[in-house]
Amino acid sequence: MHIPDGYLSPQTYLPLYGASIAFWAMALKKFRKELPAKNIPYLAMAAAFSFLIMMFNIPAPGGTTGHAGGAGIIAIILGPWTAVIAISVVLIIQAIIFGDGGITALGANCFNMAVVNVFISYWIFRLLSKSFSGNSRLSLAAFVAGYLGLTGAALITALEFGIQPLIAQSPDGRPLYAPYPLSIAIPAMAIEHLFLFSIIEGIITALLVRYFYKHEAQLIYALKSKGG
Amino acid sequence: MTSLQKKLWLGLFIMAGLTPLGLILPELFNAGDAWGEWGTETLEKLIGYIPEGLKKMAEIWKAPFPDYNISGEEESLAKRAIFYIISGIIGLAMVGGVVYLISKIGIKNER
């Protein structure tokens with residue numbers, strides 16, 4: 001889901017940079033107020049976790065790969081605004097140091113994974129964990145939050161890919177950037193996530209929520225009553 | 001550091017040690033890039049040409065350790081697996097360090 005340089009037209013990546021910068025500004029402000037100083041080590045661990053989990057590439061039928069991202073679990077444990085910071089830092093380091101995801105596409109990648117994924121997962125978990133009670137319900141809420149968060153990020157990424165042929169073409173009608181239309185990009189990204197990568201993300205999210213609930217339940221941001 | 005935090009750090013270092021799975025599994029199944037993340041050569045094989053705008057922008061940035069391979073060259077799988085672990089540790093230290101700094105500068109909340 002790390003869009004490389006060249007796949008998005010400036011008409012796409014510039015507005016998405018704008019959107020990400022707006023979320024970064026808001027996140028920096030919010031997280032200064034909301035993250036207790038004693039949770040700073042957890043933030044560092046969360047970012048490290050996300051970085052590492054993204055290195056576990058999983059082969060999918062059709063010869064592509066994908067991976068979990070950990071955005072949902074971080075949003076649930078530390079809150080969505082803190083997760084925006086953690087995942088964005090991961091994506092920035094991945095792009096600059098390891099060439100994973102483009103520099104021009106960084107705004108888009110942060111928007112997809114550090115904003116869309118984070119907020120979908122967070123709100124779904126809030127919604128489901130409120131309406132249910134009990135341990136297994138909590139795991140179910142976490143699974144669905146992780147599952148739908150990553151799937152949502154994949155779909156928005158596919159949308160960004162798929163609109164490129166509509167936005168920019170050379171004089172002979174060939175796409176200038178990402179070449180596949182929506183009718184290919186959306187199913188390709190949706191299927192591999194719905195049936196594989198998002199399931200893994202969901203399981204990881206559920207296992208970790210269970211683990212934290214057992215060992216340090218009061219840490220879990222999304223279970224506090226004040227909301228975010 | 002609390003005992004939970006110690007356990008979590010240990011877990012993270014174990015994860016870093018296991019990262020080569022993310023390199024080896026795709027090779028076993030002959031899987032390559034993620035959908036939409038092909039290099040220009042692979043893309044040319046897929047669609048028969050390299051889109052012009054894409055070609056211009058693709059090489060805009062030269063990352064120091066592309067593909068989590070710190071040697072930057074084609075090496076044996078065993079070597080790449082070791083470089084992959086080292087990349088994982090570098091990454092872990094960098095992202096952890098950067099968010100720590102952001103927090104130290106930013107956070108005033110001493111609850």
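## Position of A:G149

In this predicted model, A:G149 lies in helix 6 of chain A, which covers residues 135-162. A:G149 counts as buried because 31 C-beta neighbours fall inside 10 Å, where 20 or more are required within that distance.

Leaving aside residues up to four places away in sequence, A:G149 touches A:A71, A:G72, A:N117, A:I120 and A:S121. A:I21 stands 128 residues from A:G149 along the chain, and the C-alpha atoms of the two are separated by 21 Å.

## Contact between chains A and B

Chain A contributes 61 residues to the contact and chain B contributes 56 residues. On the side of chain A that touches chain B, two or more residues come from each of helix 1 (10-34), helix 2 (40-53), strand 1 (58-60), strand 2 (64-66), helix 4 (80-98) and helix 8 (182-216) of chain A. Helix 2 of chain A gives the most to this side, with 10 residues.

By residue class, the side of chain A that touches chain B holds 42 nonpolar, 13 polar and 6 charged residues.

## Nonpolar core

The largest nonpolar core has 104 residues, of which A:A47, A:A48, A:I74, A:I76, A:V84, A:A86 and A:I87 touch the most other members. Helix 6 of chain A gives the most to this core, with 14 residues.

Which residues does A:A47 touch, not counting residues up to four places away in sequence? In chain A they are A:A86, A:V89 and A:V90, and in chain B they are B:V95, B:G96 and B:V99.

Methods:
Residues are numbered from 1 along each chain as its sequence is written. Chains are lettered from A and ligands numbered from 1 in the order in which they are written. This is a predicted model: local features need pLDDT of at least 70, side-chain atom pairs count only at pLDDT 80 or more; totals for chains, interfaces and linings use all residues. Helices (H or I, at least four residues) and strands (E, at least two) are DSSP runs, numbered from the N terminus. A residue is buried if 20 or more other C-beta atoms lie within 10 Å of its own, exposed if 12 or fewer, and partly exposed in between; C-beta atoms are placed from the backbone. Two residues are in contact if their C-beta atoms, placed from the backbone, lie within 7 Å. Ala, Val, Leu, Ile, Met, Phe, Trp, Tyr, Cys and Pro count as nonpolar, Asp, Glu, Lys and Arg as charged, and the others, Gly among them, as polar. A nonpolar core is a set of buried Ala, Val, Leu, Ile, Met, Phe, Trp, Tyr and Cys residues joined through C-beta atoms within 7 Å.
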